[in-house]
Amino acid sequence: MDKTLLDHERIPQHIAIIMDGNGRWANERGKDRSFGHQAGVDAVRKITAECTRLGVKYLTLYTFSTENWNRPPEEVAALMGLVLSSLEDEIFMKNNVRFRVIGDRSRLPGDVAQKLRETEEHTAGNTAMTMVVALSYSSRWELVKAAQDMARDVANGQLRPEDITESMVEQKYLETRFMPDPELLIRTGGELRVSNYLLWQIAYTELYFCDTYWPDFDEQCLHQAIADYQRRQRRFGKTEAQIERELLSGK
């Protein structure tokens with residue numbers, strides 16, 4: 001796809017991706033699943049660089065869910081090792097990308113948790129884009145944790161139930177409080193579900209599903225997803241006529 005076909009005035013500022021299909025990609029090539037995960041890291045490098053070039057401000061990648069802890073121990077160990085090795089990649093500094101993590105860090109191996117902290121600190125001054133890795137994350141875990149934190153604050157007299165609002169939950173209690181909600185969610189690999197990912201945050205996000213396995217998802221695939229997003233009309237509960245009037249009035 002010709003990059004010039006994109007409307008560069010309407011590039012989504014926050015793209016979330018469910019990177020699915022690594023294992024199936026490897027199996028179809030007669031390889032171990034870990035081979036697919038390694039190829040998936042290469043796709044992350046390409047997409048991160050292209051998102052930065054396009055002017056995307058936040059890229060959130062579903063890397064490892066809380067449910068993934070139920071996978072075979074050898075695959076979990078390989079994935080944790082891959083996290084460590086991929087964080088050595090200089091893509092963050094090369095592309096002026098800040099690195100952040102959301103998820104339950106208490107379940108991560110000590111060396112992985114330490115490396116995550118170090119990478120966050122090392123890239124804290126980068127300003128072109130923030131890459132957010134959802135690691136040991138699930139939306140239900142996040143919402144339960146938020147409810148527990150609010151209940152604790154109420155019990156301690158620091159919060160009144162009647163003061164709880166959507167904006168307060170978003171700005172104080174969610175893992176994603178440092179960034180806006182995604183405008184576009186991409187899922188690769190052919191599955192048509194969101195798999196416990198950013199359930200609060202994607203209430204009005206545009207969803208895009210494709211059959212391409214994540215290791216094969218390249219810059220052209222990204223452009224196709226963004227072009228599809230740009231053809232849609234985001235109404236946020238309003239009517240089409242209301243949106244058209246707002247566009248004509250310049251709002």
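These legends accompany several close-up views of a predicted model. Local features need pLDDT of at least 70 and side-chain atom pairs count only at pLDDT 80 or more, while totals for chains, interfaces and linings use all residues. Residues are numbered from 1 along each chain as its sequence is written, and side-chain values use heavy atoms, with hydrogens and water left out.

**View 1. Helix H2 packs with helix H3.** Here we look at H2 (residues 33–54) and H3 (residues 73–86), whose axes lie 10 Å apart at an angle of about 25°. Helices (H or I, at least four residues) and strands (E, at least two) are DSSP runs, numbered from the N terminus. Axes are lines fitted to C-alpha atoms, for helices over the stretch in contact, and angles run from 0 to 180 degrees between N-to-C directions. The angle makes H2 roughly parallel to H3 (under 35 degrees; over 145 is roughly antiparallel, 65 to 115 roughly perpendicular and the rest oblique). Arg33, Ser34, His37, Gln38 and Val41 of H2 are in contact (heavy atoms within 4.5 Å) with Glu75, Ala78, Leu79, Leu82 and Ser86 of H3. Sorted by class, this contact holds four nonpolar, four polar and two charged residues. Ala, Val, Leu, Ile, Met, Phe, Trp, Tyr, Cys and Pro count as nonpolar, Asp, Glu, Lys and Arg as charged, and the others, Gly among them, as polar.

**View 2. H3 also packs with helix H5.** H5 spans residues 110–122, and its axis runs 10 Å from that of H3 at about 30°. H3 is therefore roughly parallel to H5, and their crossing is left-handed. Met80, Val83 and Leu84 from H3 meet Asp111, Val112, Lys115 and Leu116 from H5. That gives five nonpolar, no polar and two charged residues in the contact.

**View 3. A salt bridge joins lysine 172 and aspartate 153.** The model has 19 salt bridges, each a side-chain nitrogen of Lys or Arg within 4 Å of a carboxyl oxygen of Asp or Glu. In this one, the N to O distance is 3.9 Å. The pair links distant parts of the chain, with lysine 172 in helix H7 (residues 166–173) and aspartate 153 in helix H6 (residues 139–155), 19 residues apart. Aspartate 153 is buried at 13% relative accessible area, whereas lysine 172 is partly exposed at 45%. Buried means under 20%, exposed over 50% and partly exposed in between (1.4 Å probe, protein chains only).

**View 4. Arginine 160 pairs with aspartate 163.** Their side chains form a salt bridge at 2.8 Å, N to O. Arginine 160 is partly exposed at 48%, and aspartate 163 is partly exposed at 29%.

**View 5. Salt bridges form a network that includes arginine 193 and glutamate 191.** The network links Asp20, Arg24, Arg187, Glu191 and Arg193. Between arginine 193 and glutamate 191, the closest N and O atoms are 3.2 Å apart. Arginine 193 is partly exposed at 45% relative accessibility, as is glutamate 191 at 25%.

**View 6. Serine 195 has a positive phi, and so does asparagine 196.** Most residues other than glycine have a negative phi. Serine 195 has a phi of about 50° and sits in the loop between strand E5 (184–187) and strand E6 (206–209). Asparagine 196, with a phi of about 65°, is also found in the loop between E5 and E6. Serine 195 is partly exposed at 27%, while asparagine 196 is buried at 14%.

Notes:
Left-handed = near helix turned anticlockwise from the far one by under 90°.
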